[in-house]
Amino acid sequence: YIFVLLIVLIVSGCFGHSQKILNLQDPAKIKVNHIAVLPMNHQDADGKAAQLLRTRISEEIYFKGYSRIPLETMDKKLATSPVDSNKEKKSFIAPEMLKNLTGADAGMYCTLTESHPLRFFYSPVKISVMCELRNTDNGDIIWKATSESTGRNFDLTRKGLERKKQETHEDLIDDVVQDIMKTLPDGPNLRN
């Protein structure tokens, strides 16, 4: 019985934070100094969650030892770029054009997917994030990671469930960002 209980606990722990990592290059071969974090491609997610995710990823890139282009600077350069003015299209800018606009060595392209069905007294919130670091010289994927996190909310009213969902968002985004950034190799500022 103890063995069965142990298996159940391990399997249930894996469902909360599943993570798939695809390491495309040896960390020592990643020759990236400056990273530009593009606006998030957010499918079925609100803009506030996407902006929070982008800010957290930008902060973590700095703490991993990479130079980053400030988000305000990125947004100004993207706003004046000849790319389609639709804000959703800014997350799909070609890596080569990104180099011309910002001088970055790589671009961080992320997609945020969110689901939060409302049920009677219960509302699970699931956030999935997939990030790719692309070389701005040739568009090759240097690094890629995926992570997801789920939160569960209970309340007697629909308004209470909505409030708890908003409170859960920040914790879930922090969990996902930490999982993803664990897989990103240390940058040149930490390797030297």
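## Briefing on a predicted protein chain

The protein chain exposes about 10900 Å², of which carbon and sulfur atoms supply 56%, with accessible areas taken from the Shrake-Rupley method with a 1.4 Å probe, where for residues only the protein chains shown count as cover. This is a predicted model, in which local features need pLDDT of at least 70 and side-chain atom pairs count only at pLDDT 80 or more, while totals for chains, interfaces and linings use all residues. Residues are numbered from 1 along each chain as its sequence is written, and side-chain values use heavy atoms, with hydrogens and water left out.

**Fold and packing**

- The secondary structure comes to 6 helices and 7 strands, where helices (H or I, at least four residues) and strands (E, at least two) are DSSP runs numbered from the N terminus.
- Along the sequence, these elements follow the pattern α-β-β-β-α-β-α-α-β-β-β-α-α.
- Of the 192 residues of the protein chain, 43% count as buried, a term that means under 20% relative accessible area, against over 50% for exposed and in between for partly exposed (1.4 Å probe, protein chains only).
- Among contacts (heavy atoms within 4.5 Å) in the protein chain with a separation of 6 or more, 68% are accounted for by residues 24 or more positions apart.

**The disulfide**

- The count comes to 1 disulfide, defined as a pair of cysteine sulfur atoms within 2.5 Å, and this disulfide joins Cys110 to Cys131 with an S to S distance of 2.2 Å.
- Because Cys110 lies in strand S5 (residues 106–115) and Cys131 in strand S6 (residues 122–135), the pair ties together parts that are 21 residues apart in sequence.
- The torsion about the S-S bond of Cys110 and Cys131 is about 110°, so the disulfide is right-handed.
- Both Cys110 and Cys131 are buried.
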